[in-house]
Amino acid sequence: MSTAAVQDARKQAEALDNEDSIAFVRDEFNIPTKAQIASSRLADSHPAALPASEDDAKCIYLCGNSLGVQPKRTVTRLNQYLTTWATQGVQGHFRPLEESPLPTWLDADAKAAELIAPVVGANVSEVAVMQTLTANIHLLMSAFYRPDINGRHKIILENKAFPSDHFAVETQIRHHGLSTEKSMVLIESSSKDNIISTEEVLSVISAHADTTALLLLPGIQYYTGQLLDIPAITAFAHKHGIFVIWDLAHAVGNVPLYLHDWGVDAAAWCSYKYLNGGPGCIGGLFVHTNNSVVAKEITDEKPEEGYNNRLAGWWGNDKKTRFVMANKFHPVAGAAGFQLSNPSILDITSLSASLEIFQEAGGMEALRSKSLKLTNFLEATLGHMKEEDRAHFRIITPSKSEERGAQLSLMLSDGLLDTVMKELEARGVIVDERKPNVIRVAPAPLYNTFKDCVLFVEAFSAALEVAKQHAL
């Protein structure tokens, strides 16, 4: 960038940061410093919050699409959980403690469901905080994928699906004694950047409508950052009698979702990206009330009637009978009835700490409003780079704001990725790479600033200069 362009971008960023009504939530997070990310040894103690005057020492962390940074209150909530365990033992399951913000362990999953429901646009009864992403996808398919070899047996997914989704579909098909050659349909993109148009999705659905049992798609495609038209695709699939599951790993906590109103059948997500739950933290699932109702009172004589069959465990059993230890499954109505084992309270406490901040920030509408401004500003600032630098990358994420979340994926010229990533890290910038040529840049509205976007572009420009020299 030219000196004038840099100065202008910094002034714009300063003005936008000053206007940011949710800027206060940035202070709720531990953003690593440049010195910390450069260090190769474990710190002696948990890092204390940096004084505001030292804010410039923080790294430029634009990797919330891979792992969100740590909320400061996570340590507080986990210490409260550990204190409960240390002082109450097994009583922590049932005994509410005065002055404790934490629910009993018996009710921790229900409290987490209350916190996540508005993030995904669901009734509380339609969500469960449980397991992990791929495990939840398998559990949903075990309940709702019932292939008929002479009728509906196919599963439709994208050809560039995240490997876990692809593996899950393959193995589910084989689990039912079918072949992937006949029962797995891949949506091919006509775009060189792998953008899947809604028309392409609908065309594949139409072509296989009579033989398709299930559709599995990402809310946001992990590689390109494309936001798919969830309501339109869901409605079209339903017209053809196809059950729809959405993988919301990159959409949850990133864009507003209205799963109940959109009539989504089921969905699953992880919580360590935009939800900031921590590495490998507990996931979640959504099952629309139409698919999770317990239609009648279940009796011990016919316990299998009155609800949709699923792989079951004791934590999905009604709380009134859960601890009776009788081998009669009486599922909780709603998504909670799909739970298996008692969940990790450590995980739920960590996730809930972050979800508290979502509430304080004003929810997904407020975050989306800032996110649109952040990502648009990042795109515009990239566009002000020198022409000779812009010739060595292109943005493969859709340019329309309504077709993307917080992420911009940059496709570099061949041979530049390794050097660019090394140079960015040396300048205190953390982004995500997808070999052979893509870096994914994600300004998360909870903790990123407009200044972060400018500093990234400055560092990226410098990194490209070094990479081009190395490539000669």
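In this predicted model, the largest pocket holds about 850 Å³ of space. Because domain 1 (1-57 + 362-469) and domain 2 (105-351) both contribute residues to its lining, the largest pocket lies between them. The whole structure also contains one cavity of 30 Å³ or more.

**The largest pocket**

- The lining of the largest pocket is made up of 34 residues.
- Nearest the centre of the largest pocket lie N30, P32, H46, P47 and Q70.
- By class, the lining of the largest pocket comprises 17 nonpolar, 13 polar and four charged residues.

**The largest cavity**

- The space in the largest cavity amounts to about 50 Å³.
- Its lining consists of G253, Y274, N276, L367, A444, P445, L446 and Y447.
- Six of the residues lining the largest cavity are nonpolar and two are polar, while no charged residue takes part.
- Domain 1 (1-57 + 362-469) and domain 2 (105-351) each provide at least three residues of the lining of the largest cavity.

**The four-stranded sheet**

- An open sheet is formed by four strands in the order β11-β12-β15-β14, with antiparallel pairing.
- At the edges of this sheet stand β11 (393-395) and β14 (432-434), each of which pairs on one side only.
- From one strand to the next, the twist averages 25°.
- Strand β12 (residues 408-412) and strand β15 (residues 438-441) run antiparallel and are joined by four bridges.
- Opposite L408 stands V441, a residue of β15.

**Helices lying across the sheet**

- Helix α14 (residues 363-383) lies across β11, β12 and β15, and runs at about 25° to β12.
- Helix α16 (residues 417-426) lies across β12, β14 and β15, and runs at about 170° to β14.

How values were computed. Residues are numbered from 1 along each chain as its sequence is written. This is a predicted model: local features need pLDDT of at least 70, side-chain atom pairs count only at pLDDT 80 or more; totals for chains, interfaces and linings use all residues. Side-chain values use heavy atoms; hydrogens and water are left out. Two strands pair if DSSP finds at least two bridges between them. Helices (H or I, at least four residues) and strands (E, at least two) are DSSP runs, numbered from the N terminus. Axes are lines fitted to C-alpha atoms, for helices over the stretch in contact, and angles run from 0 to 180 degrees between N-to-C directions. Contact means heavy atoms within 4.5 Å. On a 1 Å grid over the protein atoms alone, a cavity is a set of points where a 1.4 Å probe fits but cannot get out, and a pocket is an open set with protein on both sides within 12 Å along at least five of seven lines; lining residues have an atom within 4 Å of a point. Grid points are joined across faces, edges and corners, and a volume is the space filled by probe spheres set on the points. Ala, Val, Leu, Ile, Met, Phe, Trp, Tyr, Cys and Pro count as nonpolar, Asp, Glu, Lys and Arg as charged, and the others, Gly among them, as polar. Domain bounds come from an automatic or database domain assignment.
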